[in-house]
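Look over the sequence and the model before reading on.

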Amino acid sequence: MSDKPRIGWVGTGVMGAAMCGHVLDAGYPVTVTTRTRSKARDLLGRGASWAGTPAEVAAASDITCAIVGFPADVREVFLGPSGLLAGASPGDAVVDMTTSEPALAIEIAERADEAGVSAIDAPVSGGDIGARNGTLSIMIGGEEAAVERVRPIFEAMGKTIVRQGGPGAGQHTKAVNQILIATLMIGLSEALLYGQEAGLDLETVMESVSGGAAGSWSLSNYGPRILRGDFEPGFFVDHFVKDMGIALQEAAAMRLPVPGLAMAHELYVSLQAQGLGRKGTQSLILALARLAGVEWRESPAPG
């Protein structure tokens, strides 16, 4: 019988399935639930147990992690009548790895504390690649003792694991992350469109610029996808619009102007209007191409 804590997991989407898989690979007993059981088939085949509701997952677990879609989903999963806090026992810990609202993270922490449960907000960055490779950046808000207890679970999924402060601090840090990415993605898309219209070989352009001051994770990881015409999600447009909306809301409460973020938000909303909300964030180049009245042309395969 394992002496490791029992881990619960809610949510097996683009990132969640891979993250949970790393926890399984690290030898933890895992109980999982998700809205569509078929999405958990691989995890169940690798030894995870199934539970019907988040409450049942929490009842079978010492530490339960969730990564779902939107703040309304977070509220249901953690605070709903069949949610994690309905099934958790005193001494347990619950961890929200969704990008959500700082105020909701604080509310969950307060409700959890009343039940003798520790609550941590720990949103992640790194997309599907980071999730698959176990190299996510994990931004953590919560009480220090609880965070240290959960740290080995985080270490199974990520490489950069930093506690930023108390409840809500992880979510505020993720807002910083998304503000940084928002305008970077505009620059990436504009630059590749410029190179295309200038008649350059974008493969060799990427080789030149990726090693200099313009280099970035997005350029190295999303640039090649854009050149291939691969707009499948590493991170959904719909979710990025949600994240930017949260950051805009928090900035407005601070009376902080964020014009770059606002522009990126509008461009991504235009992708949703084009029916591309379930594509990846790299599809921003399609919105800018349409704005310019040009067509993005997939690069020919090498060789």
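**Strand pairing and crossovers**

Val94 stands opposite Ala119 in strand 6. Strand 5 and strand 6 (residues 118-121) run parallel and are joined by four bridges; two strands count as paired if DSSP finds at least two bridges between them. This is a predicted model, in which local features need pLDDT of at least 70, side-chain atom pairs count only at pLDDT 80 or more, and totals for chains, interfaces and linings use all residues. Residues are numbered from 1 along each chain as its sequence is written, and side-chain values use heavy atoms, with hydrogens and water left out.

Around strand 5

- Helices (H or I, at least four residues) and strands (E, at least two) are DSSP runs, numbered from the N terminus.
- Strand 5 spans residues 93-96, with Ala93 and Val95 buried on one side and Val94 and Asp96 buried on the other; buried means under 20% relative accessible area, with a 1.4 Å probe and protein chains only.
- Strand 4 (residues 63-66) runs parallel to strand 5, with four bridges between them.
- Thr64 has Val94 as its bridge partner in strand 5.

Around strand 1

- In strand 1 (residues 7-10), Ile7 and Trp9 are buried on one face, and Gly8 and Val10 on the other.
- The chain passes from strand 1 through helix 1 (residues 16-25) to strand 2 in a right-handed β-α-β crossover; with the strands pointing away from the viewer, the path from the first strand over the helix to the second runs clockwise.
- Val10 stands opposite Thr33 in strand 2 and opposite Ala66 in strand 4.

Technical notes: Buried < 20%, exposed > 50% of the residue type's maximum accessible area, 1.4 Å probe, protein only.
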